[in-house]
Amino acid sequence: MGYALLAGAIAAEVAATTAMKYSEGFSKLWPSLVTAIGYLVAFALLAQTLKTVAVGTAYAIWAGIGTAAVAAIGMMFLGEGMNAAKFAGIVLIIGGVVVLNLGGAH
């Protein structure tokens, strides 16, 4: 159940971060509300996740998947380009999450 809550937390955080882009510095009401609500939901679900999943594991997964997902959304929908450095950064982030989990972050 902890990992399902973590997946929901990540989805809410990614949605909130994407909405923040559309809020134009919190000058647009609806994207700003989606951002605020998304972060509230994300942190509430993360807090529940930490009841059953180690904080190091949860945060590594949260940060890694969230960062990779937001970068992918930026490239696919927001016109951000892909280059070798960006690709390498995403690979390193995901690799770091894997290493942390294999190395006993549990």
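These are numbered notes on a predicted model of one protein chain.

1. Overall fold. The protein chain holds four helices and zero strands. Its pattern along the sequence reads α-α-α-α. Along the principal axes, the C-alpha atoms fill a box of roughly 45 × 35 × 15 Å.

2. Burial and surface. The protein chain has 106 residues, and 32% of them count as buried. Its accessible surface comes to about 6300 Å². Carbon and sulfur atoms account for 76% of that surface.

3. Contacts along the sequence. For contacts between residues at least 6 apart in sequence, 64% join residues at least 24 apart.

4. Nonpolar core. The largest nonpolar core has 14 residues. Leu6, Ile10, Leu46, Ile61 and Trp62 are the residues with the most contacts inside this core. At least two residues of the core come from each of helix H1 (2-22), helix H2 (29-49) and helix H3 (55-77).

5. Isoleucine 61. This residue is among those with the most contacts inside the largest core. When neighbours within four places in sequence are left aside, Ile61 is in contact with Tyr3, Leu6, Ile10, Gly66, Val97 and Asn101. Two of these partners, Leu6 and Ile10, are also listed with Ile61 among the core residues with the most contacts.

6. Threonine 35. This residue lies in helix H2. Is Thr35 buried or exposed? Its relative accessibility is 2%, and because the limit for buried is under 20%, threonine 35 counts as buried. Setting aside neighbours within four places in sequence, the contacts of Thr35 are Ala16, Ala19, Met20 and Phe26.

7. Salt bridges. How many salt bridges are there? The count comes to two. As a general point, side chains of opposite charge can pair when their charged atoms come close.

8. Glutamate 80 and lysine 86. A salt bridge also joins the side chains of Lys86 and Glu80, with 4.0 Å from N to O. Lysine 86 is partly exposed, at a relative accessible area of 28%. Glutamate 80 is partly exposed as well, at 36% relative accessibility.

Notes
Residues are numbered from 1 along each chain as its sequence is written. This is a predicted model: local features need pLDDT of at least 70, side-chain atom pairs count only at pLDDT 80 or more; totals for chains, interfaces and linings use all residues. Side-chain values use heavy atoms; hydrogens and water are left out. A nonpolar core is a set of buried Ala, Val, Leu, Ile, Met, Phe, Trp, Tyr and Cys residues joined through side-chain atoms within 4.5 Å. Buried means under 20% relative accessible area, exposed over 50%, partly exposed in between (1.4 Å probe, protein chains only). Contact means heavy atoms within 4.5 Å. Accessible areas come from the Shrake-Rupley method with a 1.4 Å probe; for residues, only the protein chains shown count as cover.
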